[in-house]
Amino acid sequence: MNVVVLLGAPGAGKGTQAPLLAARLGIPVIATGDLFRAAVRDGTPLGMEARRYMDAGQLVPDEITVKLLLERISRPDAKAGVILDGFPRTAVQAAALDEALAGRREQVSAAVLVDVPTEELVRRMSGRWICRGAGHPYHETSSPPRLEGVCDLDGSELYQRVDDRPETIRARMDQQLGALEQVIEHYRVARVLRTVNGLQDITIVADAIDAALADAGVTPVVAGQG
Ligand code: AP5
Ligand code: MG
């Protein structure tokens with residue numbers, strides 16, 4: 001089972017790279033931010049609770065997030081492996097994931113940090129549009145859709161996230177980067193951390209992620225295996 005963790009600050013490009021990588025590796029993406037946004041859209045109790053934190057740029061409490069993620073990775077489609085986008089975000093979440101995987105005699109195969117300087121993160125989030133269908137991200141200047149306002153991949157409408165307002169972008173940086181450092185350290189100690197330069201074209205970042213994964217021994221899933 002390949003368990004690949006994509007790490008990076010808000011706006012680093014995790015959500016851009018995750019579906020591309022999923023297609024190459026043949027395993028699904030699980031993005032906690034997308035799961036929370038779906039719950040908000042559906043107006044579930046989980047969504048209403050999560051929204052209070054998301055709109056303020058804060059992390060949703062570990063207890064809620066860990067439960068959601070562990071339920072999701074226990075489903076059949078995650079059997080051969082998963083790409084985690086946006087989880088773990090705290091040391092507590094990283095430990096909970098390790099424990100759940102150890103229960104299945106598995107472990108995180110690689111944690112790839114997409115490294116991008118803070119000034120660029122702000123530029124990326126301010127110009128971001130995402131699709132209502134599956135959350136595919138676009139950017140006004142660096143990655144525009146072929147047809148304005150429409151997702152290239154699933155044809156759904158594009159919108160701007162509430163938490164991409166300038167004041168919330170600042171709050172996300174202030175409140176989340178410290179915890180990210182702890183998660184990076186967790187995987188450095190576990191010797192599965194790989195870092196790629198995220199300040200390059202999307203396709204070049206994708207190639208760098210492939211090289212980092214090959215170095216960590218992660219190879220595509222062959223149909224029928226896993
Ligand atoms: P989440 O949805 O995970 O947001 P995030 O981590 O803040 O990351 P983003 O989605 O903003 O950025 P990204 O790295 O995916 O970048 P993207 O590819 O879109 O979480 C949202 C909220 O949910 C959190 O704030 C928190 O409240 C809650 N939450 C989620 N998970 C949680 C957890 N585990 N624990 C607790 N709370 C949790 O790219 C950004 C832009 O840049 C796009 O416009 C894109 O087109 C562009 N771009 C991408 N790559 C490039 C490139 N190489 N060159 C130029 N432009 C690029
Ligand atoms: Mg994202």
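Student: What should I keep in mind about the model and its numbering?

Tutor: This is a predicted model, where local features need pLDDT of at least 70, side-chain atom pairs count only at pLDDT 80 or more, and totals for chains, interfaces and linings use all residues. Residues are numbered from 1 along each chain as its sequence is written, chains are lettered from A and ligands numbered from 1 in the order in which they are written, and side-chain values use heavy atoms, with hydrogens and water left out.

Student: Why are α2 and α4 called roughly perpendicular?

Tutor: Helices (H or I, at least four residues) and strands (E, at least two) are DSSP runs, numbered from the N terminus. The axes of α2 (residues 32–42) and α4 (residues 62–73) come within 11 Å and cross at roughly 100°. Axes are lines fitted to C-alpha atoms, for helices over the stretch in contact, and angles run from 0 to 180 degrees between N-to-C directions. Angles under 35 degrees count as roughly parallel, over 145 as roughly antiparallel, 65 to 115 as roughly perpendicular and the rest as oblique, so α2 and α4 are roughly perpendicular to each other.

Student: Which residues make that contact?

Tutor: With contact meaning heavy atoms within 4.5 Å, α2 contributes Thr32, Leu35 and Phe36, while α4 brings Ile64, Thr65, Leu68, Leu69 and Arg72.

Student: What makes β2 and β8 edge strands?

Tutor: Good one! Two strands pair if DSSP finds at least two bridges between them. The open sheet has 5 strands in the order β2-β3-β1-β4-β8, with parallel pairing. β2 (29–31) and β8 (193–197) each have a single partner strand, so one side of each is left without a neighbour in the sheet. The twist averages 25° from one strand to the next.

Student: What makes β3 mostly covered?

Tutor: Buried means under 20% relative accessible area, exposed over 50%, partly exposed in between (1.4 Å probe, protein chains only). In β3, 5 of its 5 residues are buried. Gly81, Ile83 and Asp85 point one way, Val82 and Leu84 the other. In a regular strand the side chains alternate between the two faces of the sheet. As for what lies over the strands, α2 lies across β2 and β3.

Student: Why is Ser109 called buried?

Tutor: Its relative accessible area is 17%, under the 20% limit, so Ser109 is buried. Ser109 sits in the loop between α5 (91–102) and β4 (110–115). Not counting residues up to four places away in sequence, Ser109 touches Met1, Asn2, Val3, Val192, Ala216 and Val218.
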